[in-house]
Amino acid sequence: MGLTVAVQMDPMEGINIAGDSTFALMLSAQARGHTLYHYAAGDLSYRDGRVYAPARPVTVRRVAGDHFAFGEPKLLDLGADTDVVLMRQDPPFDLAYITATHLLERIQHETLVVNDPAAVRNAPEKLFVLDYAQFMPPTLITRRLDETRAFHEAHGEVVVKPLYGNAGSAVFHVGRKDANLAALTELFGQVWREPFMVQAFLPDVALGDKRIVLVDGKPAGAVNRLPKKGEIRSNLAVGGSGAQTELTARELEICEALGPELAKRGLVFVGIDVIAGYLTEINVTSPTGIVAIDKFNGTDTPALIWDAIEARIKARA
């Protein structure tokens, strides 16, 4: 099955091929004989009922500093000219991101968009997870200082983070005697119009923040992300390191609870974060981690993702 695949992502020049999940997906697609195009989310346009993007055919190779080559650009009708659109640009999950989902939703009857754009729009990582509150640590979403103080007093130590951040950006640990809570609440209120999230601090984050990848609702593997010294954030993007791991009974229970709904919504490639058995986020916008998982486990997660995509295309025929 030779597919035409348009990849909506950030500039090719800036990716780290050693760990980038999108690059791994592109290599796998190319090995299957699929034709790849690259374009940026900001290039999307709508005219006369059609959605277009000026895209460039691209070939990829695992050679640092020489990892891609572009062909001549072409204006793609994303509905008529492609079989698959991979929506893989990094957040922030802002109005530009939401607009892209609205435009791509208009071609879903013709082209398979992964992940489903309407489902992505309706499942922000730190809000969709509230559907599974039984697996979460104590959580507050607010803009109010009095509520934040009461939550802090009740739980002693908390983590404060923006609702629509990514890669560990602007995540703060507030200790028991920390005098900065009021200033931090004020700062969040000035920088972001939306509420922020406050969660009870889980000391076992020092033992790792597990990223579990689900493909079409089924767990494909996990990597345990360890924070570097002096940090609570374990994201690989901010210096965390990966370690081999296996899924616990509790983590399998979480996956079994989430899986059917993810598959139903067309969320083919999802990464969930679990700390000490507590679910903290469900990542659907541009999840990562598959390169590290495959490195430790000897697996081929990109192949599983393409198997799922190809199966969905066959089912639509």
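Trainee: Which residues line the largest cavity?
Mentor: This is a predicted model. In it, the largest cavity is lined by Leu 25, Leu 86, Met 87, Arg 88, Val 114, Asn 115, Phe 269, Val 284, Thr 285, Pro 287 and Ile 305.

Trainee: How does that lining divide by class?
Mentor: It has eight nonpolar residues, two polar and one charged.

Trainee: And how much space lies in the largest cavity?
Mentor: About 50 Å³.

Trainee: How many cavities does a search of the whole structure find?
Mentor: Two, counting those of 30 Å³ or more. The second largest cavity also holds about 50 Å³ of space.

Trainee: What lines the second largest cavity?
Mentor: Pro 91, Phe 93, Pro 124, Glu 125, Leu 163, Tyr 164, Gly 165 and Thr 285. Five of those residues are nonpolar, two are polar and one is charged. Thr 285 is on the list for the largest cavity and on the list for the second largest cavity.

Trainee: Back to Asn 115. Where is the place of Asn 115?
Mentor: Asn 115 sits in the loop between β8 (112-114) and α3 (117-121).

Trainee: Is the peptide bond from Val 114 to Asn 115 cis or trans?
Mentor: That bond is cis, and its omega is near -5°. Val 114 and Asn 115 are both among the residues lining the largest cavity.

Trainee: Now pockets. How much space lies in the second largest pocket?
Mentor: About 220 Å³.

Trainee: Which residues line that second largest pocket?
Mentor: Pro 92, Phe 93, Asp 94, Leu 95, Ile 98, Pro 162, Tyr 164, Gly 165, Asn 166, Ser 169, Trp 192 and Glu 194. By class, that gives seven nonpolar, three polar and two charged residues. Phe 93, Tyr 164 and Gly 165 are also among the residues lining the second largest cavity.

Trainee: Helices next. At what angle do the axes of α8 and α9 cross?
Mentor: Helix α8 (residues 290-297) and helix α9 (residues 301-316) have axes that cross at roughly 120° and come within 9 Å. That angle makes α8 oblique to α9.

Trainee: Which residues make the contact?
Mentor: From α8, Ile 290, Ile 293 and Asp 294; from α9, Thr 301, Pro 302 and Ile 305. Four of the contact residues are nonpolar, one is polar and one is charged. Ile 305 also lines the largest cavity.

Trainee: Zooming out, how many helices and strands are in the protein chain?
Mentor: Nine helices and 17 strands.

Trainee: What does the C-alpha trace span along its principal axes?
Mentor: About 60 × 45 × 40 Å.

How values were computed
Residues are numbered from 1 along each chain as its sequence is written. This is a predicted model: local features need pLDDT of at least 70, side-chain atom pairs count only at pLDDT 80 or more; totals for chains, interfaces and linings use all residues. Side-chain values use heavy atoms; hydrogens and water are left out. Axes are lines fitted to C-alpha atoms, for helices over the stretch in contact, and angles run from 0 to 180 degrees between N-to-C directions. Helices (H or I, at least four residues) and strands (E, at least two) are DSSP runs, numbered from the N terminus. Angles under 35 degrees count as roughly parallel, over 145 as roughly antiparallel, 65 to 115 as roughly perpendicular and the rest as oblique. Contact means heavy atoms within 4.5 Å. Ala, Val, Leu, Ile, Met, Phe, Trp, Tyr, Cys and Pro count as nonpolar, Asp, Glu, Lys and Arg as charged, and the others, Gly among them, as polar. On a 1 Å grid over the protein atoms alone, a cavity is a set of points where a 1.4 Å probe fits but cannot get out, and a pocket is an open set with protein on both sides within 12 Å along at least five of seven lines; lining residues have an atom within 4 Å of a point. Grid points are joined across faces, edges and corners, and a volume is the space filled by probe spheres set on the points.
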